[in-house]
Amino acid sequence: QQQQQQQQSEGGGGLARQPMTEEEFFSQGRAIRPPPPVLGGEGGGRGGSPALLPGPAKWYEKPGYGRLISPYEFHRPLPPLIEAWRSGKLDWHDLVPKHSSLWERYGESKDDKFNFMKLVMKEIAVTDYLTQYHDSGLASNFGKNFGPMRNYSSCNLVDDPCLIHYELDCKANSFCKWHPDTGSCGQIPDEEAPRGCPAGKQPMMLKNGGRLLPVQSEGECRRFVQEKVFIEQVQEDPGTMFYHWWRYFREVHQRITSVAPDKIGHILVERPPNTQFFHYFGLLSKFCWRRTASIPERTCFCEKGEHRGPSAKHEGQSAVLNHLLKELDIKEEIGGPSRVRVGILSRRRKRFILNEHELVEALLKLGFDVQLLPMEEMTLYEQVSALRSCTVLVGIHGSGLNNAILMPKGSVLVQLLPYKLNYKGAFQQVAYENGVKYVEWGLEDPGKSYFHWEFLGPRELRDGKQAVLDRGSPRGGAEVYTFWINQDIIVPVDQFVELIQGALKKGELNPKILGTTPDY
């Protein structure tokens, strides 16, 4: 059709342009050639219809290759823009459009928060295009399987938290009422809400600052919540970084499970800074966590959940992990994984491994199972399931490496350090505390890194860019956390293969699978 339209647009004068052959069309990158149908048999199945035979093998289905967990497509030639970015020749920040074509229907705004979110959405669109997250099919593997937490995943999406419940849990929740006519759960009207507290229980009401204070009389209350209630004040660090969240969650786990092991209790959060990890609360309560600001007026609580034992410490780590695996109903192989599986943390928004596809293919050629892990896009169930199957986890410097917490004992964590980054974080200690071996590798060729110089000011650049690279990063400070850790890197494939082969000698798990002697 394109060829016919082109000929018609050229008019009747002169010779008509010769149609492009099929081979020319696909070789010029106009489209991805569809796999041809392969037919077989003598007339096929019933009614003489031809029977389909398996099509051509995918790029990852070659003899001797390991398994690509969470498959995706990869075709060359790449679009020139993507090829230049993957080669470390472009700064993706420069590609973020200054226009607002995708958002013009919302109009212009002087609201800084709105404009910031618009910028974030532009960055997401650009990085998703460059990484081919959607058109490669990688995205289709993630963000779909919530396991037993399918209902709880809706807690932050709907206005009425009661909507997530089946009948039994609905009737156990003082905020909720089961509606037989619609077969659904909803917030109970004030006039139908439970009245009074059990004998010996003093009604309490939320006051400023998220405190529960006794009321003078029950007449002050319009509704009563009879289940235990836990008031949480999540600080900014646990709200944004997994390592700090996990430390916080261990303590919350012990407090709540010690007094509400049946998961019948309400978790109220005072001014949550960021809710990205709050689905973990579903491991501790059958009820949605709620913002204190959303509690109906004149709601009184009959029992505050109070833990009276010792606070959670390091010895509680295995108990928390076992609780998580039980609640998510994750079935593990007896004795641990039986195949080497290398998980590569595939960051979605910054600190990219520009040639991650080449690293994946190199590992497949060695016969290992490989999985790209875009953790930001994965459900909790998907994250834990994948990490429990990894015998090696690889990632560029960043908080994603703290997921060593969820790996099986005896596995290996590999940190990829950008060029001359002298700040290594606490990942080695995190791995050690969880029975995981630690290996690191540092990029030595500045030509394999893309530096985002916009993160440095005149003071840092007073002697020029080369002087910055010559001295390397400080041990800490703003320059480290902006410029040095945010490099996009190309990992030489030969060095990566050698790195992984060395990592497989560490710990107990991989040598056991491979039948080799561990290198301690």
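Axes here are lines fitted to C-alpha atoms, for helices over the stretch in contact, and angles run from 0 to 180 degrees between N-to-C directions. Helices (H or I, at least four residues) and strands (E, at least two) are DSSP runs numbered from the N terminus.

The model is predicted: local features need pLDDT of at least 70, side-chain atom pairs count only at pLDDT 80 or more, and totals for chains, interfaces and linings use all residues. Residues are numbered from 1 along each chain as its sequence is written, and side-chain values use heavy atoms, leaving out hydrogens and water.

**Exercise 1.** Describe how α9 and α14 cross, and which residues make the contact.

*Solution.* Start with the axes: those of α9 (residues 356–365) and α14 (residues 493–503) come within 10 Å and cross at roughly 50°. Next, list the contact (heavy atoms within 4.5 Å): α9 gives Glu358, Leu359, Ala362 and Leu363, while α14 gives Val493, Phe496, Val497 and Ile500.

**Exercise 2.** Work out the strand order of the open six-stranded sheet, and find where α9 packs on it.

*Solution.* The order is β3-β13-β12-β14-β15-β16, with parallel pairing (at least two DSSP bridges between two strands). At the edges stand β3 (68–69) and β16 (437–442), each with a single partner strand, so one side of each has no neighbour in the sheet. Now look inside: five bridges join β12 (residues 341–345) to the parallel β13 (residues 369–373). Isoleucine 344 has leucine 372 of β13 as its bridge partner. Finally, α9 packs on the sheet, touching β3, β12 and β13, and its direction makes about 160° with that of β13.
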